[in-house]
Amino acid sequence: MSQIPPEVEAHHKIMRETFFAVATPLLTPLNLTLLVLILTLAYLRLRPQSAPSLPPGPQPIVFKTFTPRTLLKNNGTDNSPVYLAVRGKVYDVSSGRNFYGPGGPYENFAGRDATRGLACQSFDEEMLTKDLDGPLDPCDDLTPEQVDNLNGWIERFDEKYLVVGKLLPFRKTDFH
């Protein structure tokens with residue numbers, strides 16, 4: 001015999017009868033078909049139409065070794081990237097194209113070693129190395145004030161721009 005009191009058993013019986021009395025007319029094949037149809041339409045209406053797509057990211061930048069001659073091609077003309085070198089580090093300054101690219105106030109430095117010009121705060125052509133196949137300018141003759149100024153530029157470039165390579169002097173080999 002069960003341990004359930006008779007009044008609780010009677011209450012359960014009434015609840016079962018009430019449930020089946022209400023649910024049985026609702027569970028007809030027509031009602032179930034309509035319910036499935038409504039749920040299917042709601043799903044089709046509310047689901048995403050297509051997977052969201054992200055815009056394409058920037059092209060990956062590979063760390064390269066540049067010589068003054070190979071760096072010169074990256075001066076911002078013909079939609080090329082704008083690179084400049086400071087103390088052997090090559091920076092991608094393309095995001096500052098309006099400053100470093102063609103027509104900008106620092107356009108002389110685009111595709112070049114800008115170390116001496118930045119240290120001396122001069123945008124003149126004389127500050128740039130003329131011999132692209134010669135040695136790099138060691139900038140040994142800079143004053144302490146010019147070195148501090150250069151270090152400020154390097155700090156700014158390190159914070160703002162991506163280093164994409166290093167600048168090395170051209171070395172003549174058997175193949176040249």
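Reader: Which residue forms a salt bridge with Asp158?
Author: Lys89 does; the closest N and O atoms of Asp158 and Lys89 are 3.1 Å apart. Asp158 lies in helix 6 and Lys89 in strand 3 (residues 89-92), so the pair ties together parts that are 69 residues apart in sequence. A salt bridge here is a side-chain nitrogen of Lys or Arg within 4 Å of a carboxyl oxygen of Asp or Glu. Helices (H or I, at least four residues) and strands (E, at least two) are DSSP runs, numbered from the N terminus.

Reader: And what are the model and the numbering based on?
Author: This is a predicted model, in which local features need pLDDT of at least 70, side-chain atom pairs count only at pLDDT 80 or more, and totals for chains, interfaces and linings use all residues. Residues are numbered from 1 along each chain as its sequence is written, and side-chain values use heavy atoms, with hydrogens and water left out.

Reader: Back to that pair: what is the relative accessibility of Asp158, and of Lys89?
Author: Asp158 has 37% and counts as partly exposed; Lys89, at 33%, also counts as partly exposed. Buried means under 20% relative accessible area, exposed means over 50%, and partly exposed lies in between (1.4 Å probe, protein chains only).

Reader: How many salt bridges does the structure hold?
Author: The structure holds 4. One of them joins Asp133 to Arg69, with 3.0 Å between the closest N and O atoms. That pair links distant parts of the chain, 64 residues apart: Asp133 is in the loop between helix 5 (115-120) and helix 6 (144-160), and Arg69 is in helix 3 (residues 68-71). Asp133 is partly exposed at 33%, and Arg69 is partly exposed at 44%.

Reader: Which side chain meets Arg116 in a salt bridge?
Author: That of Asp137, at 2.5 Å from N to O. Arg116 belongs to helix 5 and Asp137 to the loop between helix 5 and helix 6, so the contact ties together parts 21 residues apart in sequence. Arg116 is buried, with 16% relative accessibility, while Asp137 is partly exposed at 26%. Salt bridges that share partners join Arg116, Asp137 and Asp141 into one network.

Reader: Changing topic, how many aromatic pairs are there?
Author: A search of the whole structure finds 11. Tyr106 and Phe109 form a stacked pair, because their ring centres are 6.4 Å apart and their planes stand at 25 degrees. Rings of Phe, Tyr and Trp (its six-membered ring) pair if their centres lie within 6.5 Å; planes under 30 degrees apart count as stacked, over 60 as edge-to-face and the rest as tilted.

Reader: Are Tyr106 and Phe109 buried or exposed? And which residues belong to the cluster?
Author: Both Tyr106 and Phe109 are buried. Ring pairs link Tyr91, Tyr100, Tyr106, Phe109, Phe123, Trp153, Phe157 and Tyr161 into a cluster.

Reader: What sits over the ring of Trp153?
Author: The charged end of Arg156, 4.8 Å from the ring centre. A charge sits over a ring if NZ of Lys or CZ of Arg is within 6 Å of the ring centre and within 35 degrees of the ring normal.

Reader: What about the overall fold? How is the chain divided?
Author: The chain has domain 1 (7-45) and domain 2 (64-167), with bounds from an automatic or database domain assignment. Their centres, taken over C-alpha atoms, are separated by 77 Å. There are 6 helices and 4 strands, in the order α-α-β-α-β-β-α-α-α-β along the sequence.

Reader: What is the radius of gyration of the chain?
Author: The protein chain has 37 Å, whereas a compact globule of 176 residues would have a value near 16 Å. The radius is taken over C-alpha atoms, and the globule rule is 2.2 Å times the number of residues to the power 0.38. The C-alpha atoms fill a box of roughly 105 × 40 × 40 Å along the principal axes. Buried residues make up 27% of the 176 residues.

Reader: Where does UniProt place the transmembrane region?
Author: The unreviewed UniProt entry puts "transmembrane region" at residues 20-44. That span is 92% helix and 0% strand, with end C-alpha atoms 32 Å apart. For "domain: Cytochrome b5 heme-binding", the unreviewed entry lists residues 66-168, where the chain is 30% helix and 15% strand and the end C-alpha atoms are 6 Å apart. UniProt positions are given in the numbering used here, feature names are shortened, and annotations may be inferred rather than shown by experiment.
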